[in-house]
Amino acid sequence: MQNTIKNRQSLIDFAIQECGTFESTFTLAEHNDLSVTSDIPAGTEIEFLPEWIDRKNTLRRIEPATALSSQDRELPWGGIGYMAIEFDFIVS
């Protein structure tokens, strides 16, 4: 069986959607020669076998997409962790 990765879907999202468990992520990664943590471009075909599917947990109508974009990964340089007392964090 095959299906396509959607925009902003991680391999974990795909595993939950198609196989019903996040544990199948490792099997999918090995079978498709992918890294579990790699960013997979939208439109990539992922192969999986029917015996990997846990029918009672499969999310056929829901397409989770939780992968972070490069903008989401950028941390703002500011906030309480980057302030110095009496320099830019004034205590009065």
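**Figure 1. Overall fold of the protein chain.** Read along the sequence, the elements of the protein chain follow the order β-α-α-β-α. The model shown is a predicted one. Its protein chain holds three helices and two strands. Of the 92 residues in the protein chain, 26% count as buried. The accessible surface of the protein chain amounts to about 6700 Å², and carbon and sulfur atoms contribute 56% of this area. Among the contacts in the protein chain with a separation of 6 or more, 66% are made by residues 24 or more positions apart.

Figure 2. Helix α1 spans residues 11-18. This helix is mostly covered, with six of its eight residues buried. The buried residues of α1 are Leu-11, Asp-13, Phe-14, Ala-15, Gln-17 and Glu-18. Which elements do the buried residues of α1 pack against? Their partners are the strand β1 (2-4), the helix α2 (24-31) and the strand β2. The view also includes Gly-20, which lies just after α1 and adopts a positive phi of about 95 degrees.

**Figure 3. The aromatic pair of Phe-14 and Phe-48.** How many aromatic pairs does a search of the whole structure find? The search finds one. This pair is formed by Phe-14 and Phe-48, whose ring centres are 5.9 Å apart. The planes of the two rings stand at 75 degrees to each other, and the pair is edge-to-face because planes over 60 degrees apart are placed in that class. The pair links distant parts of the chain, as the two residues are 34 residues apart. Phe-14 belongs to helix α1, whereas Phe-48 is located in the loop between β2 (45-47) and α3 (70-73). Are these two residues buried or exposed? Both Phe-14 and Phe-48 are buried.

**Figure 4. The largest pocket and its lining.** Sorted by class, the lining of the largest pocket comprises seven nonpolar residues, six polar residues and four charged residues.

How values were computed. Residues are numbered from 1 along each chain as its sequence is written. This is a predicted model: local features need pLDDT of at least 70, side-chain atom pairs count only at pLDDT 80 or more; totals for chains, interfaces and linings use all residues. Side-chain values use heavy atoms; hydrogens and water are left out. Ala, Val, Leu, Ile, Met, Phe, Trp, Tyr, Cys and Pro count as nonpolar, Asp, Glu, Lys and Arg as charged, and the others, Gly among them, as polar. Rings of Phe, Tyr and Trp (its six-membered ring) pair if their centres lie within 6.5 Å; planes under 30 degrees apart count as stacked, over 60 as edge-to-face and the rest as tilted. Helices (H or I, at least four residues) and strands (E, at least two) are DSSP runs, numbered from the N terminus. Buried means under 20% relative accessible area, exposed over 50%, partly exposed in between (1.4 Å probe, protein chains only). Contact means heavy atoms within 4.5 Å. Accessible areas come from the Shrake-Rupley method with a 1.4 Å probe; for residues, only the protein chains shown count as cover.
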